[in-house]
Amino acid sequence: MSIPISNPWDRPGEEVVEPSHGASPDVIAEFLLDDEANTGERLTPMHVARFAKNRGADPAAVVHAMRHARAGARDQGAHVERDAVRAITRFPSPIIGTAGLGAPVHDKAGWAQVRAEGLVPKSARLCPHLLWFMDRMSGVVFPIKKPCESWWCEETCSGEKAQVILDHAARSFSEFATIYYAMVADSDANTVARIRQRRHQRGGETLWVRRFDGTVHVFSTKDLPGRTPPERFSALLPVEARAVLQRQALLLPGPVARRWSRGWNITDPASGPGSGSTSAALGGGARDVIDEAWELALAEVEERYGVDPTTDFTPDQIETIWLPIVRAAIARVKAQRWATSGD
Ligand SMILES: [Zn+2]
């Protein structure tokens, strides 16, 4: 017995003319939006990517075209961006306009969607993010404000992270006549391992960017085609590659990881003061978590030693007794909140 497989593009009693192979991203996007309107159901990014891929279109371009059509593309910024996406999907193309090249591009509709659909991971601790320290002499705890450095931080950090990559690409891409680009729509755990392997065999440098929808964008100084995705690379001028990096790979929100190969590597700036001779690092945490832990730790010392550690303990006692108790209390409060935040 065979199980009937329903085709979501096929509706009984209605002639559906599907976009042909080689149709432009806009035509495909229009068709898919029409389909959404007919069924009243939102298509998953996976569906869209597969549908686009089967017709030889760039899935990212189709996704963006759909998003902008949904948002109405009313404001001028959206128009400019949509035109840019259309321009950079005609590989290979002559030099495209470089106006505005170099700054991160925020997709306002995308941020709204991310918030509405609760896509920001629970583990993300967004700005303002506090790092806590204990003064080794007095036993007093104090915070230092630190950027959350999350790709999900709309206000500051996502843009700063993208900017660092764009700045580095402006220097490193331009040292080559051609940058090869490929996008893998349904990346798996082995996608970036394969890219690394090919680079080891054929040389060159690579940068890849992974997005939360599962796409991986690869930029390489050598053509790295293979029998498994990415199968083909497009040869781009450095300036075109930078535009693709800016408007597709790093379009915000979306990126979740990136890696430069060693020859292209940039050293990440050291973060936070770390543990030193005058203060001990206690890690990150919301103020109320630290407050609660502080109270618990005070009560414990009071009960065990009958003293106030911040006035009665010597620096040696702070180091050996008070610091471990505070650390344990913070871990306990965090574990408690973690356990109760699930439902
Ligand atoms: Zn932040």
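A60 is buried, with 27 other C-beta atoms within 10 Å; the cut-off for a buried residue is 20 or more. The model described here is predicted. A60 belongs to helix 3, which spans residues 59-70.

When neighbours within four places in sequence are left aside, A60 is in contact with M183, T215 and Q248. A60 and V184 are separated by 124 residues in sequence, yet their C-alpha atoms are 9.7 Å apart in space.

Five strands form an open sheet with antiparallel pairing, in the order 6-3-5-4-7. The edges are taken by strand 6 (234-236) and strand 7 (255-260); each has a single partner strand, so one side of each is without a neighbour in the sheet. On average, neighbouring strands are turned by 20° against each other, direction ignored.

Within this sheet, strand 4 (residues 206-211) and strand 5 (residues 216-220) run antiparallel and are joined by five bridges. W208 has V218 in strand 5 as its bridge partner. Helix 7 (residues 191-202) lies across strand 3 (179-184), strand 4 and strand 5, and runs at about 175° to strand 4.

## Packing of helix 9 and helix 11

Helix 9 (residues 287-305) packs against helix 11 (residues 315-340) at an angle of about 130°, and their axes are 8 Å apart. Helix 9 is therefore oblique to helix 11. The crossing of the two helices is right-handed.

On the helix 9 side, the contact includes V289, I290, L296 and E300, while helix 11 contributes residues including W322, I325, V333 and R337. The residues of this contact comprise 12 nonpolar, no polar and four charged.

Note on methods: Residues numbered from 1 in each chain as written. Predicted model: local features only at pLDDT ≥ 70, side-chain atom pairs only at ≥ 80, totals over all residues. Axes fitted to C-alpha atoms, helices over the stretch in contact; angles between N-to-C directions. Helix = DSSP H or I, 4+ residues; strand = E, 2+ residues; numbered from the N terminus. Parallel < 35°, antiparallel > 145°, perpendicular 65-115°, else oblique. Left-handed = near helix turned anticlockwise from the far one by under 90°. Contact = placed C-beta atoms within 7 Å. Nonpolar A, V, L, I, M, F, W, Y, C, P; charged D, E, K, R; others polar. Buried ≥ 20, exposed ≤ 12 C-beta atoms within 10 Å, placed from the backbone. Pairing = 2+ DSSP bridges.
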